[in-house]
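Subject: Structure handover

Hello,

Here is the structure I promised to pass on. My notes on it follow below.

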Amino acid sequence: MDSFSSPSSSSPSSQMSAEDFMDQLKVQLAQAYAEEFLETVRGKCFEKCITKPGSSLSGGESSCISRCVDRYIEATGIISRSLFNAQR
Amino acid sequence: MDTSALNNPQLQQLINQEKERAMANEMIAKLTSACWDKCITGTPGSKFSSSESSCLSNCAQRYMDMSIMIVKRFQSMQ
């Protein structure tokens, strides 16, 4: 084992440590969740805020979108807390 | 690829924890989407009205009540 190998990996290339595996798993799960969340927010806010698409985003549409994103994040928190309270 | 590390029971337990976390997040995401549609009927404001926020939290709890009821009904038909 050369002096540049990280302590957590035993043999080079083919074997990954459990810790590295879990780190990669968590990162990929977080990325997949974030993409799914963004896609949902896009859908909801497009429906609520862009009723008649013009040649550019109006000021009203822009502020609606900002509020929509904030409210959807808030709604996620409300649902999440409501579910955990019900399980007592 | 050497997958022998996946036979490790401690690793399996860590993986299962992540799986449960992911499933809980999925449930929250699905419910938030459905309850948003039911409860936020107008244009989003700079904060939720009290009826909107109570609708959202009621929505989640009624969904759980419904889930239990569905299981019981199914079981009563066995």
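A salt bridge here is a side-chain nitrogen of Lys or Arg within 4 Å of a carboxyl oxygen of Asp or Glu. By that rule, one salt bridge crosses the interface of chain B and chain A. Its partners are Lys44(A) and Asp37(B), with the closest N and O atoms 3.0 Å apart.

Before the rest, the ground rules. This is a predicted model, in which local features need pLDDT of at least 70, side-chain atom pairs count only at pLDDT 80 or more, and totals for chains, interfaces and linings use all residues. Residues are numbered from 1 along each chain as its sequence is written, chains are lettered from A and ligands numbered from 1 in the order in which they are written, and side-chain values use heavy atoms, with hydrogens and water left out.

Interface

Chain B puts 34 residues into the contact and chain A puts in 30, where contact means heavy atoms within 4.5 Å. About 2,800 Å² is buried between the two chains, 70% of it on carbon and sulfur atoms. Buried area is the accessible area (1.4 Å probe) that two parts lose on being put together, summed over both.

Eleven residue pairs across this interface are in polar contact, both residues at pLDDT 80 or more. That term means N or O atoms within 3.5 Å; within protein, one must be able to donate a hydrogen and the other to accept it, and residues adjacent in sequence count only if both atoms are side-chain atoms.

On the side of chain B that touches chain A, helix H1 (9-39) and helix H2 (50-76) of chain B each supply at least two residues. H1(B) gives the largest share, 16 residues. Helices (H or I, at least four residues) and strands (E, at least two) are DSSP runs, numbered from the N terminus.

Within chain A

The whole structure holds four disulfides over all chains, each a pair of cysteine sulfur atoms within 2.5 Å. One of them joins Cys45(A) to Cys68(A), S to S 1.9 Å. This link is left-handed, with -90 degrees about the S-S bond. It ties distant parts of the chain: Cys45(A) sits in helix H1 (residues 18-49) and Cys68(A) in helix H2 (residues 59-86), 23 residues apart.

Best wishes
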